Amino acid sequence: MNWRYRHTVLTLCMLAFFVTYFARLAISPVVPLIIDDFGVSNTAVGVALSGMWFAYGLSQFPSGILADRYGERRVILVAVGGTTTMSLLLAAVPIFPAFVLAAVLLGLAAGLHYAVATTLLSRTFDDLGTAVGIHSLGGPLAGLIAPVAATWVGVRYGWRPGVALAALVGVPIFLLFARRVRPTEPRRPEQPMAERLRLGPLFELVGRREILVPLAVATLGTYVAQGVISFLPTFLVEFRGYSPAFAGGVFSAFFVVRAGAQVGLGRLSDRLGRDASIAASLLGGALGLGSLVALPDLVRLPVAVGLPALPTTVGLGVAVFLAGLGSSFFSAIDPRFMDALGDAERGAGFGLIRTVYTVIGSAGSVGVGLVADVLGWGASFALIAGLSGVSFLVISTNALVGEGR
């Protein structure tokens with residue numbers, strides 16, 4: 001099979017996503033070190049991380065407008081270059097308020113990539129679910145590498161070098177993308193920006209039933225995913241008593257599962273339907289997160305039928321597998337949104353949708369941290385397991401009443 005230019009674009013979009021995800025994920029494994037260094041609470045760090053994810057979501061709508069005016073290539077280059085620069089700034093801040101500000105700026109830069117890259121891929125691939133799944137591999141690949149690398153560097157040299165690792169991958173990928181991806185033709189180069197920001201058409205778009213229901217599901221699912229990504233290593237250290245190194249390894253395993261599941265779910269959604277794939281993912285997430293909380297009971301279940309208890313590592317592996325499946329629903333739900341949008345709406349329209357569910361879902365970081373501070377880590381993760389179950393029920397009901405895809 002010949003390597004076509006469109007496959008080059010897909011690969012480099014995936015690598016660009018890898019950079020924007022790596023920079024954000026490098027923070028989570030060193031959260032305990034950041035807390036100790038600045039003398040702040042889980043809630044305070046959760047605020048910083050939620051601010052980063054809030055900014056990440058907020059910048060996706062204008063990213064679509066900018067891509068329509070200047071072309072996708074330019075916006076993606078700004079995203080990769082800006083993310084690299086902001087990760088270095090984050091590693092250099094002297095006080096916690098500056099850390100919060102740098103995290104927000106990092107989110108703003110990183111958020112310019114995803115919606116624009118998805119729109120670019122929709123121009124060249126018919127099997128969009130498969131293409132989005134492969135593009136989304138950048139996130140899990142970053143999750144495979146960033147936690148282990150950041151933990152290793154953080155334990156030995158401090159959290160600042162761990163966070164700054166993003167620059168090592170950001171610079172070469174920026175140069176590679178700039179060299180290999182051709183300039184893209186803007187869709188609406190002459191249209192005034194003010195026309196794209198009129199509220200009436202925006203409310204009409206997100207209010208359509210074929211968008212509103214999956215938008216609610218995506219929002220709940222994003223809240224859950226942000227909470228897990230922000231605090232899973234901390235949960236494993238503080239609630240389960242594992243070492244930071246082991247927790248970092250489990251976090252990487254979580255992203256290994258997510259990598260395979262995103263490609264599989266994207267392809268499955270092309271073949272069997274979007275909603276069935278989304279529902280399967282969210283049900284797995286609910287079961288997996290619930291199992292993380294009830295792990296001692298989970299491994300003793302075989303005893304009830306006269307069998308020996310499972311090794312704890314087996315139970316943990318099952319729980320992490322299901323939790324990783326639950327966070328992979330994006331590769332099925334994003335193509336579902338694209339299916340519901342016309343060609344002229346996909347740039348700004350998909351950016352708007354991504355902004356809505358990512359901005360609201362970004363509260364997952366502070367929400368999980370706050371509940372953990374008040375009620376403990378068990379209650380915090382049990383709550384997001386329940387929210388994943390609610391998302392499953394909503395999308396399943398929508399499919400059963402004939403509104404699914």
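**Salt bridges, cavities and surface of a predicted model**

Arg-274 and Asp-339 are joined by a salt bridge, with 2.9 Å between the closest N and O atoms. Arg-274 belongs to helix H16 and Asp-339 to helix H19, so this pair ties together parts that are 65 residues apart in sequence. The two partners can be described by their accessibility in this predicted model. Arg-274 is buried, at a relative accessible area of 8%, whereas Asp-339 is partly exposed, at 35%. Salt bridges with shared partners bring Asp-270, Arg-274 and Asp-339 into one network.

The structure holds five salt bridges. Another of them is formed by the side chains of Asp-334 and Arg-354, at 3.6 Å from N to O. This pair links distant parts of the chain, with Asp-334 in helix H19 and Arg-354 in helix H20, 20 residues apart. Asp-334 is buried, with a relative accessible area of 0%, and Arg-354 also counts as buried, at 4%.

A further salt bridge connects Asp-37 with Arg-160, whose closest N and O atoms are 3.7 Å apart. Because Asp-37 lies in helix H2 and Arg-160 in helix H10 (residues 159–164), the pair ties together parts that are 123 residues apart in sequence. Asp-37 is partly exposed, with a relative accessible area of 42%, and Arg-160 is partly exposed as well, with 25%.

Rolling a probe the size of a water molecule over the atoms shows where empty space is left. Two cavities of 30 Å³ or more are present in the structure. The largest cavity has a volume of about 180 Å³. It is lined by 20 residues, and those closest to its centre are Tyr-21, Tyr-56, Arg-258, Phe-330 and Arg-354. At least two lining residues each come from helix H1 (5–25), helix H3 (42–58), H9, H14, H15, helix H19 (330–340) and helix H20 (346–361). H14 gives the most, with four residues. By class, the lining comprises 10 nonpolar, six polar and four charged residues.

The second largest cavity has a volume of about 80 Å³. Its lining includes Gly-221, Val-224, Phe-254, Leu-282 and Ser-388. The elements that contribute two or more residues are H14, helix H16 (274–293) and helix H18 (312–326). Here too H14 gives the most, with four residues. The lining holds seven nonpolar and five polar residues, and no charged ones.

Of its 13 lining residues, Pro-29, Val-30, Pro-32, Leu-33 and Pro-244 lie nearest the centre. Helix H2 (31–38), helix H9 (138–157), helix H14 (209–238) and helix H15 (244–272) each give two or more residues to this lining. Nine of the lining residues are nonpolar, three are polar and one is charged.

Two local features complete the account. In helix H4 (residues 60–70), the buried residues include Phe-61, Ile-65 and Asp-68; just after H4, Gly-71 takes a positive phi of about 100°. On the surface, Leu-89, Leu-101, Leu-105 and Leu-108 form a nonpolar patch with about 310 Å² of accessible area together. Helix H6 (residues 96–110) supplies the largest share of this patch, three residues, and Leu-101 has its place in that helix.

Note on methods
Residues numbered from 1 in each chain as written. Predicted model: local features only at pLDDT ≥ 70, side-chain atom pairs only at ≥ 80, totals over all residues. Heavy atoms only, no water. Patch = residues over 30% accessible without salt bridge, like charges linked within 9 Å, V, L, I, M, F, W, Y side chains within 5 Å. Areas by Shrake-Rupley, 256 points an atom, 1.4 Å probe, with all protein chains shown as cover. Salt bridge = Lys/Arg side-chain N within 4 Å of Asp/Glu carboxyl O. 1 Å grid on protein atoms, 1.4 Å probe; cavity = no way out; pocket = protein on both sides within 12 Å on 5 of 7 lines; lining within 4 Å. Nonpolar A, V, L, I, M, F, W, Y, C, P; charged D, E, K, R; others polar. Points joined across faces, edges and corners; volume = space filled by probe spheres on them. Buried < 20%, exposed > 50% of the residue type's maximum accessible area, 1.4 Å probe, protein only.
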